[in-house]
Structure formats: structure tokens, C-alpha cells
Amino acid sequence: MSDIETRCGFVAIVGAPNAGKSTLVNQLVGTKVSIVSPKVQTTRSRVLGIAMLEDLTAQVIFIDTPGIFQPKRRFERAMVQAAWSGAADADLVALVVDAERGFDDNSQGIIDRLKAAGRRAILVLNKIDLIKRDRLLALTAKGDGEGVFDRVFMVSAQTGDGTKDLLAFFGEVVPPGPWHFPEDQVSDMPMRLLAAEITREQVFLQLHQELPYAATVETEQWQERDDGSVRIDQIVYVQRDSQKAIVLGKAGRQIKSIGEKARVELEEILERRVHLFLHVKVRENWLDDREHYRDLGLDFDA
């Protein structure tokens, strides 16, 4: 390896809520590092996904950021600030646009801010499997006309179509330099936090109609067992007793279903047996808890 020049750099993946950023990062990395749900603002803090090119010439570190929109509440302001700080720190910015939705107000707002900052970017038109070719060409022309994009890529993060070319491009343009992470590492997220995120994803997937996104999950205990398995105790925090009843479900069936799905996924990720125990508690003010923001890597005072 010593005679081969390696490359390594950071690529910030930005976009409006639900543009498919997390699905794209998971596809580029080749495994799940960021949770996905139909609910907007599923990604709450900056997540790093680390991709190695097959020929081991480059390591591309993707910063999966929260969706950027016009924030109204403290928590929303903190998430949007995390997204912009991720973009500011990166070697390259890629704007993901939902091709089915087109350039909405949030996407246009991101483009305008990139222009104001004098920042160049890559345009990634996602969900191309859902729209006709003439619409796609019109979106490409609109992107070209903005004068901020160096390249346009068309992908389907869901199917993987076009993502190999996108990763190869990033591998060619990140700066020369040594790798920042071991070649088998896929994320910088601690396992306790990833485990909590996997459970939170199931809460959203199973209850996104009934429950507002003001629910969070914390890993309270992580106990390694002698037989190689792990016991994980987690708390699902909600804001009201009525929400607690929704998460528990009749005779505890809902929380059992959430736990079963999360456990199966955790066993796949950890490649060992998992004993998962979930508890639901009401914490009315968790959205105004400075410590919780710090745990998520968010700025309480944003």
C-alpha cells in the first residue's frame, strides 16, 4: 500500500427533509449507519458513514445531516444548525433533491445559502425510479442553471441505481491523504447510541401516524455476557401519559413488537445474540433538556 497514493475526505450530504439522505448514505457505505423512516426529521444529529472504495485507494467519510428547513422550535433550530456546521466542515457538499418533489422551497433555500457562502456543490437527484425521463432532464437543466453545481448525478438510493458511479466520483475528488479511520470501520457512532437509534427507528416506523416525533430513546445499560451475548436496557421517553399508552399498546403488544424488530436488526449489526429490554417513561421536558442535546451532539443555544 505504501507506493499507492491514498485519498481521504469528508462529504456532507445535505437536503430538505425526506429527500432520502440517510438511505443514500447507507447505500454508499454498504450497511446501515443512519436510521430511516417515512417521518421527516428522523436524522437528528450529525452521523458519519465511512465508505472504502473497492480498490482501497480512497476512504470517503459521509456526513449525514438532519434535513434543512425553516425551523420554528429550539430542537428544530439545533438540528438545522448541525446540518449547516456539517456542510461547513466538509471537503465537498452534495445536495440531495427528491426528484419526485423537485426543487421545493427548502431545496431552493439551501441553494441560495450555498451561493451566499460561495460554496460549490454536487447535485444528486434521488428517487429517479419514480419519475419519467423528460421530467428528470428538466430538473437537471434547472440544476445546471443555478450556477452552483459542478456535477449532476441521478440515483435511486433505494435500489442502488447510480450510487456506484457517485461513490467512484467522490473517491476521485477527495483530497490526497491518509485514512482517518480503520478500513473496516463504517461509522464513528458509539454502539450504545446506534442501538438507541435502531429502536427509535422502529418507534417511528410502527407509530408514525399516531405519535409526534417528540419521542426519543436512550440506552441505559449495556451488559456484556459470558456467553458472548449482550443485554441492552433502553428507555423510550415520551412527553405525555397518552403517548406512553400508545407506545405500550394493548396488553403491551406494541412495545413488544418494537422490541422484537429492533432486536433482530441489532443482532444482524452486532453479529451476536441480543437481549433487549425496553421501558417507557414520561419526561415532559426532554425537548428542553440541555444534557440530551449534548448527548446528540446538538447545540442547545442554536
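# Close-up views

**View A. Arg231 sits over the face of the Phe277 ring, 3.9 Å from the ring centre.** A charge counts as over a ring if NZ of Lys or CZ of Arg is within 6 Å of the ring centre and within 35 degrees of the ring normal. Lys142 is likewise placed over the face of Phe103, at 5.0 Å from the ring centre. The model is predicted: local features need pLDDT of at least 70, side-chain atom pairs count only at pLDDT 80 or more, and totals for chains, interfaces and linings use all residues. Residues are numbered from 1 along each chain as its sequence is written, and side-chain values use heavy atoms, with hydrogens and water left out.

**View B. The chain as a whole has nine helices and nine strands.** Both are DSSP runs numbered from the N terminus, helices being H or I of at least four residues and strands E of at least two. Of the 302 residues in the chain, 53% are buried. Buried stands for under 20% relative accessible area, exposed for over 50%, and partly exposed for values in between, with a 1.4 Å probe and protein chains only. Among the contacts in the chain with a separation of 6 or more, 71% join residues 24 or more positions apart. A contact here is a pair of heavy atoms within 4.5 Å.

**View C. Helix 1 is mostly covered, with eight of its nine residues buried.** The buried residues are Lys21, Ser22, Thr23, Leu24, Val25, Asn26, Leu28 and Val29. They pack against strand 1 (7-15), strand 2 (47-52), strand 3, strand 4 (92-98), strand 5 and helix 5. Gly30 follows helix 1 and has a positive phi, near 95°.

**View D. Helix 1 (residues 21-29) crosses helix 5 (residues 163-173) at roughly 75°, and the two axes come within 10 Å.** Helix 1 is therefore roughly perpendicular to helix 5. Angles of 65 to 115 degrees count as roughly perpendicular, under 35 as roughly parallel, over 145 as roughly antiparallel, and the rest as oblique. Helix 1 contributes Leu24, Gln27 and Leu28 to the contact, and helix 5 contributes Thr163, Leu166 and Leu167. By class, this contact has four nonpolar, two polar and no charged residues. Nonpolar covers Ala, Val, Leu, Ile, Met, Phe, Trp, Tyr, Cys and Pro; charged covers Asp, Glu, Lys and Arg; the others, Gly among them, are polar. The axes are lines fitted to C-alpha atoms, for helices over the stretch in contact, and the angles run from 0 to 180 degrees between N-to-C directions.

**View E. Helix 7 (residues 241-248) packs on helix 8 (residues 253-270) at an angle of about 60°, with the axes 5 Å apart.** The two helices, helix 7 and helix 8, are therefore oblique to each other. Ile246, Val247 and Leu248 of helix 7 meet Arg253, Gln254, Ile255 and Ile258 of helix 8. In this contact of helix 7 with helix 8, five residues are nonpolar, one is polar and one is charged.

**View F. The structure contains three aromatic pairs.** Rings of Phe, Tyr and Trp (its six-membered ring) pair if their centres lie within 6.5 Å; planes under 30 degrees apart count as stacked, over 60 as edge-to-face and the rest as tilted. The ring centres of Phe62 and Phe170 are 5.6 Å apart and the planes are at 70°, so this pair is edge-to-face. Phe62 belongs to strand 3 (residues 58-64) and Phe170 to helix 5, so the pair ties together parts 108 residues apart in sequence. Phe62 is buried, at 0% relative accessibility, and Phe170 is buried as well, with a relative accessible area of 0%. Phe169 and Phe170 make a tilted pair, 5.9 Å centre to centre with 55° between the planes. Phe169 is buried, its relative accessible area being 11%. Phe62, Phe153, Phe169 and Phe170 form one aromatic cluster.

**View G. Arg120 lies in the loop between helix 3 (105-116) and strand 5 (121-126).** With a relative accessible area of 41%, Arg120 is partly exposed. Neighbours within four places in sequence left aside, Arg120 is in contact with Val93, Gly147, Val148, Phe149 and Asp150. Its C-alpha atom is 8.0 Å from that of Leu92, 28 residues away along the chain.

**View H. Lys132 is in the loop between strand 5 and helix 4 (133-145).** Lys132 is exposed, with a relative accessible area of 65%. Lys132 and Glu100 are 9.3 Å apart in space, C-alpha to C-alpha, and 32 residues apart in sequence.
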